[in-house]
Amino acid sequence: MTTPDPLVIRHLEYLGPMATRDGWRPEITLPEIAFVGRSNVGKSSLLNTLMRRKAFARVSTTPGRTREIHFFDVNRQFVLADLPGYGYARISKARKAEWRPLIEGYLSESPTLRGVVQLLDVRHDPTEDDLVMMDFLAEVGVPTIVAITKTDKLKPREAVERVQALCARLGLDPDQVVSFSARTGAGRDELASALMALLAAPDWRLDDNGEETEGAGDDA
Ligand code: GDP
């Protein structure tokens, strides 16, 4: 007997791009899940595998569109936000200064953001930019899953050891971490289940009384 697919894609619709912190974004109705990672980490490939589409994330890699946040409606159940890949060495400081406020503004201000998937390449230690991003996510307090990409590039045993080392280095709970390969599809259903769990969890911005929290400890 095969396990049922935790995320069957029945409807997938591109909603549009957000180009600046104060720019257009889709109407705030559905819960949102954001995907972040440095350029080339395998984000488009992961999204295509997750959505079971060959070129679903293509818009994000079109020239001129790579610095925008791209939104997709998935099954009219949630909005997937594909954030610009960060940390390209050849991006000038001025360009960085443009899109950092976009990424950070979106993550800290989106009222329906339910979770973030941070991508890391199994073969590489986290970059300075990865660490800045992970610190930022921790500061915001948004639930975060770490997807370790391209695990097929290592021998299975090596991949397991690398994932363990990354967890130890970053202080991650193994429950937060999904090993993933777009090449083999390994980890696809596990990641889909983790997204469903994020969507089912109570809104992290609200306390037990349904009131908006101002940050940890403020309501003591
Ligand atoms: P993005 O810039 O983060 O969107 O990364 P891409 O998805 O475009 O992938 C960057 C490169 O890594 C491409 O050459 C992909 O073919 C390759 N890649 C991505 N995911 C995997 C994977 O799971 N396994 C292998 N072997 N290569 C991958």
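This report describes a helix, some aromatic pairs and the surroundings of a ligand in a predicted model.

## Helix α1

Helix α1 spans residues 43-51, and because 7 of its 9 residues are buried, the helix is largely enclosed by the rest of the structure. The buried residues of α1 are Lys43 and then the run made up of Leu46, Leu47, Asn48, Thr49, Leu50 and Met51. Just after the helix comes arginine 52, whose phi angle is positive, at about 55 degrees.

## Aromatic pairs

The structure holds 3 aromatic pairs. One of them is formed by tyrosine 14 and phenylalanine 72, whose rings lie 5.2 Å apart from centre to centre, with 50 degrees between their planes, an arrangement that counts as tilted. This pair links distant parts of the chain, since tyrosine 14 belongs to strand β1 (residues 12-18) and phenylalanine 72 to strand β3 (residues 69-74), 58 residues apart. Tyrosine 14 has a relative accessible area of 33% and is therefore partly exposed, whereas phenylalanine 72, at 3% relative accessibility, counts as buried.

Phenylalanine 71 and tyrosine 106 form another aromatic pair, which is edge-to-face, with 5.8 Å between the ring centres and 65 degrees between the planes. Here too distant parts of the chain are linked, for phenylalanine 71 lies in strand β3 and tyrosine 106 in helix α3 (residues 93-109), 35 residues apart. Buried means a relative accessible area under 20%, so phenylalanine 71, with a value of 0%, is buried, and tyrosine 106, with a value of 2%, is buried as well. Ring pairs join Phe71 and Tyr106 with Trp24 into a cluster.

## Surroundings of the ligand

The ligand is surrounded by 13 residues, and the closest are Lys43, Ser44, Ser45, Asp152 and Ala182. Lysine 43, which is among the buried residues of α1, has a polar backbone atom 2.8 Å from an oxygen atom of the ligand. In serine 44 it is the side chain that takes part, with an N or O atom 2.6 Å from an oxygen atom of the ligand. Valine 41 contributes through its backbone, where an N or O atom lies 3.2 Å from a ligand oxygen atom. On its own the ligand has 580 Å² of accessible area, and the protein covers 72% of this.

Which classes of residue make up the shell around the ligand? Sorted by class, the shell has 6 polar, 5 charged and 2 nonpolar residues.

Note on methods: Residues numbered from 1 in each chain as written. Predicted model: local features only at pLDDT ≥ 70, side-chain atom pairs only at ≥ 80, totals over all residues. Heavy atoms only, no water. Buried < 20%, exposed > 50% of the residue type's maximum accessible area, 1.4 Å probe, protein only. Helix = DSSP H or I, 4+ residues; strand = E, 2+ residues; numbered from the N terminus. Phe/Tyr/Trp six-rings, centres within 6.5 Å; stacked < 30°, edge-to-face > 60°. Near = heavy atom within 4 Å. Polar contact = N/O pair within 3.5 Å; in protein donor to acceptor, adjacent residues only side chain to side chain. Areas by Shrake-Rupley, 256 points an atom, 1.4 Å probe, with all protein chains shown as cover. Nonpolar A, V, L, I, M, F, W, Y, C, P; charged D, E, K, R; others polar.
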